[in-house]
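Please consult the sequence and the structure shown below while reading.

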Amino acid sequence: KRKRFNSSVLYDSDESEGSDILVRKVFAKRPCIMDDDSSEEQTNKNSATESASTDRKWKVFAKLKELARQRAAVRSCSSENCEESNSETEIEEDPVCYLPDTPAESSETETSSMKDFIVQEDEDDGDGNTEHVAQKEELLNTSNSELLAYHVPHLSRCDHYVHFQRIVKAFLINAIDDTFLSSLYDGTRQKKYAQDMLLSLHYLDDRFIQPRLDNLISTSRWKDRYKKRVDCYPDIHIILKTAKYMSCQACEMDRYCKFHVLLSGKLYNSKTLAADDFMSNDKQVLKVGMVCADRTSVYHNLKHFKYKLYVDCISITKLDGDQDEPVKDTVERLFSHLEDSGWIQKKYDHLENYMSDADNFQEEK
């Protein structure tokens, strides 16, 4: 740029006066003027850069002070003896100008900055602080479990025996008031105890019984006709007879059939457990082989366990007779008696044995 500018100066001076001396004078002076202007511009740029750098320094310093103040507030609130202090501790640091960070340095900076917001527990706080922390964790776990049970009841954890106890209590109530189960399933009853009983009934069907029934069917050669018959009759008797080579009435395979399966009982609703009196005396006799007979026994015990438990509860309420007391008091009294006598535990053990038999039943070859 300077060469172009100087050449133009020589051209103008040649036209105006045509003197070499004059040209030399103009050529010697003008570079000095250009250097002065550039030095002034450079000075202005440096001063502007220094001003911006100073502003950044003070901004960084202000942020550091604010961060230190927040950290002190967090520490004071998290300590066991949270005392209010009127004096504020200020950390004075020299302003520092930071260069732009590389990606690795910026990640380290973010990690270190997060440490300012993390309050670490002192290790040597003594037994008192340990107990305090344990109480906090216990309270937090309790509140979380209660919130989960309230908002998402199907995800809440409950002991299997507790589910079974609720089911027995629901059956005792329905044995006295036969509309209770139907009101549970149609959503009429919305109180917590009723919703807990409904949850336990679903748990028994969906977690305990139905998956094992499906597995017994899927691993067998049973025909749908035979399965439907076993599903409809709550009572069963398997009788050993003389073996006869014939088509098994369960799988329709040629077998030595030496068992007679006698099915009887009333048809009932799988949810409300209300019995249907239509053809109540109907019976079915089916000739099956040994493997199908064993599978039928395991399947039937699990399929109709809930109904038979309900029938037992009806018998207990009938033996108790009519009492001049509210239904709630009657149910609580009968339930306490059954629990104390070990009757509920015995029935629960039967259910576990039936489930174990279903789990251990081998696939039919």
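In what follows, buried means under 20% relative accessible area, exposed means over 50%, and partly exposed lies in between, for a 1.4 Å probe and protein chains only. The model is predicted, so local features need pLDDT of at least 70 and side-chain atom pairs count only at pLDDT 80 or more, whereas totals for chains, interfaces and linings use all residues. Residues are numbered from 1 along each chain as its sequence is written, and side-chain values use heavy atoms, with hydrogens and water left out.

Helices (H or I, at least four residues) and strands (E, at least two) are DSSP runs, numbered from the N terminus. In helix α5, the buried residues are Tyr161, His163, Phe164, Gln165, Ile167, Val168, Lys169, Ala170, Phe171, Leu172, Ile173 and Asn174. Because 12 of its 17 residues are buried, α5 is largely enclosed by the rest of the structure. Its cover includes α6 (180-185), α7, α10 (305-320), α11 (327-341) and α12 (343-360), where contact means heavy atoms within 4.5 Å.

Ser200 belongs to helix α7 (residues 192-218). Beyond its neighbours within four places in sequence, Ser200 is in contact with His163, Arg166 and Ile167.

**The nonpolar core**

A nonpolar core is a set of buried Ala, Val, Leu, Ile, Met, Phe, Trp, Tyr and Cys residues joined through side-chain atoms within 4.5 Å. The largest one holds 59 residues, and Val168, Phe171 and Val288 have the most contacts inside it. Helix α7 supplies the largest share of this core, 10 residues.

**The sheet**

Two strands pair if DSSP finds at least two bridges between them. An open sheet of three strands has the order β1-β2-β5, with antiparallel pairing. Since β1 (235-247) and β5 (284-288) are at the edges with a single partner strand each, one side of each is left without a neighbour in the sheet. From one strand to the next, the twist averages 20 degrees. Strand β1 is joined to β2 (residues 254-264) by 10 bridges, and Leu240 stands opposite Phe259 in β2.

Axes are lines fitted to C-alpha atoms, for helices over the stretch in contact, and angles run from 0 to 180 degrees between N-to-C directions. Helix α9 (residues 290-303) lies across β1, β2 and β5, at about 165 degrees to β1.

| Residue | Relative accessibility |
|---|---|
| Ser200 | 0% |
| His304 | 0% |
| Leu273 | 3% |

His304 is placed in the loop between α9 and α10. Which backbone oxygen does the side chain of His304 reach? That of Val230, at 2.9 Å. His304 and Asp231 are 73 residues apart in sequence, yet 8.0 Å apart in space, C-alpha to C-alpha.

Leu273 occupies the loop between β3 (267-268) and β4 (275-276). Its phi is near 65 degrees, a positive value in a residue other than glycine.

Key: Polar contact = N/O pair within 3.5 Å; in protein donor to acceptor, adjacent residues only side chain to side chain.
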